[in-house]
2 protein chains.
Amino acid sequence: MLSYFESELQKYIKSYDKNKFSEAIDYILSNGGKRIRPQLILNLAKSLNKNYKEVIDLAIAIELIHTYSLIHDDLPCMDNDDYRRGKLTLHKKYNEYTALLVGCALLTDAFNVIAKSKTLKNKDKIISFISEKIGAKGMIMGQFLDMEYENKEIDEKTLKIIHKKKTAELIKASLIATLINFDIYNEKYEKIAENLGLIYQIQDDIFDYDTFDNSNYARIIGLDKAKKEILDLKEEIYYLLSDNKEFLEYIDKIINRSY
Amino acid sequence: MLSYFESELQKYIKSYDKNKFSEAIDYILSNGGKRIRPQLILNLAKSLNKNYKEVIDLAIAIELIHTYSLIHDDLPCMDNDDYRRGKLTLHKKYNEYTALLVGCALLTDAFNVIAKSKTLKNKDKIISFISEKIGAKGMIMGQFLDMEYENKEIDEKTLKIIHKKKTAELIKASLIATLINFDIYNEKYEKIAENLGLIYQIQDDIFDYDTFDNSNYARIIGLDKAKKEILDLKEEIYYLLSDNKEFLEYIDKIINRSY
């Protein structure tokens, strides 16, 4: 599944004319991410006995959006990070305007990939749902609040809102857009996505417990309570997915990662 | 037409929850732009004997995209401008991350406005066309090349490519998306859009002739030649629009602006 995605992504990258800008796009997209969201999409489709190749353009679009959000998060005016996944961030490898513009290009082209897809169905609805989840009321608001609370005291409730918006919304977009494509409506996948997003963030914060960070959830609520919360969130996912063992198995792999 | 657009835009702005982020959106969208593109859209629809209210969501979306491009153009890593239209640029009024994120939010929400519109038709095709014109092969490439050639010698041909991408592509998106909505295909509007974009840029460069700028078209090709080029481009528009006097009349107003 992963190798299918990687090869389709490479085809997509090669669809750009060769120039300095597309070189930067290639650098950042071929950067060896874990491809969690694309795999969620393809695995969900497969677990529902659908042809997962039908949603490959959705998987690519969501990975473009995820990558755009990371590029911008790393910019000097945001988290100001020099490295990601052991490689130079885009603005360090090239420069700030290239990083700014490549981010926006990936966001824009994500909608292009969906809109002109030959296999996706219900494309208006998919674009409407995704853009809502990642726009001013969704993911971007999460990034904004994250910055607003930098170096400020932050309570558990606010931090949870930020995590939900910053991480869970794009996962929600991934799962629900897949369902929309196949004309399936099942509310519980929203809850599953939300829990997945929260588990992911809390796990990250547990790993980073020792770094000083005012917005580390595990520090704010305590390590034990954080671990307990992950268990509860997992429990709920297991319960909700009792009718889709195949997808549960894949989810299980993600949430029991050891790094 | 303009007051109809302004009142619909205000309704749109008010659809955001009130908070610091939507305040910044309000600041930049209510900033008194000339609303050239929305007016082109509404006037084109009307001149074709169509109900122009049907494309109001397209007009709003295009204005959001235009505003996003200006916000990012003004950022320190791009043109680093403190003022636009006599008011502080967004990153000066707020801060850089707010400007970065508001820009991306407007871009994202533009696609949301189109995708969930109740009056627009052929929405996939509209989104596909617009995203192509403003993405990595279009407007963003124009912004990228503009930065790449900053403080470098630049020839007439390259500058024309930059102008076309940076300005003409969004005008093209405005006109052609309007036609797509009404199931009309007429290639000449692409040419009209291209000429309009070029006229606009050359006019700007003639006004700014006295400021030192290596990428001033009028300086590169000479003032007389620049003026002659505008006349030729206008002439072609008059010829192409001989069957649509109403739209020509509106275009005439824009291209004969005296500021």
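**View 1. A network of salt bridges links A:K164, A:E169, A:K172 and A:E194.** A salt bridge is here a side-chain nitrogen of Lys or Arg within 4 Å of a carboxyl oxygen of Asp or Glu, and by this rule the count over all chains comes to 34. The model is predicted, so local features need pLDDT of at least 70 and side-chain atom pairs count only at pLDDT 80 or more, whereas totals for chains, interfaces and linings use all residues. Residues are numbered from 1 along each chain as its sequence is written, chains are lettered from A in the order in which they are written, and side-chain values use heavy atoms, with hydrogens and water left out.

**View 2. A:K172 and A:E169 form a salt bridge within one helix.** Their closest N and O atoms are 3.5 Å apart, and both residues lie in helix α9 of chain A, three residues apart, or about one turn of the helix; helices are DSSP runs (H or I, at least four residues) numbered from the N terminus. A:K172 is buried, with a relative accessible area of 8%, and A:E169 is buried too, at 11% (buried means under 20% relative accessible area, exposed over 50%, partly exposed in between, with a 1.4 Å probe and protein chains only).

**View 3. A:E229 meets A:K160 in a salt bridge of 2.8 Å, N to O.** The pair links distant parts of the chain, with A:E229 in helix α12 (residues 223–240) and A:K160 in helix α9 (residues 156–181) of chain A, 69 residues apart. A:E229 counts as buried at 12% relative accessibility, while A:K160 is partly exposed at 25%.

Terms used. Helices (H or I, at least four residues) and strands (E, at least two) are DSSP runs, numbered from the N terminus.
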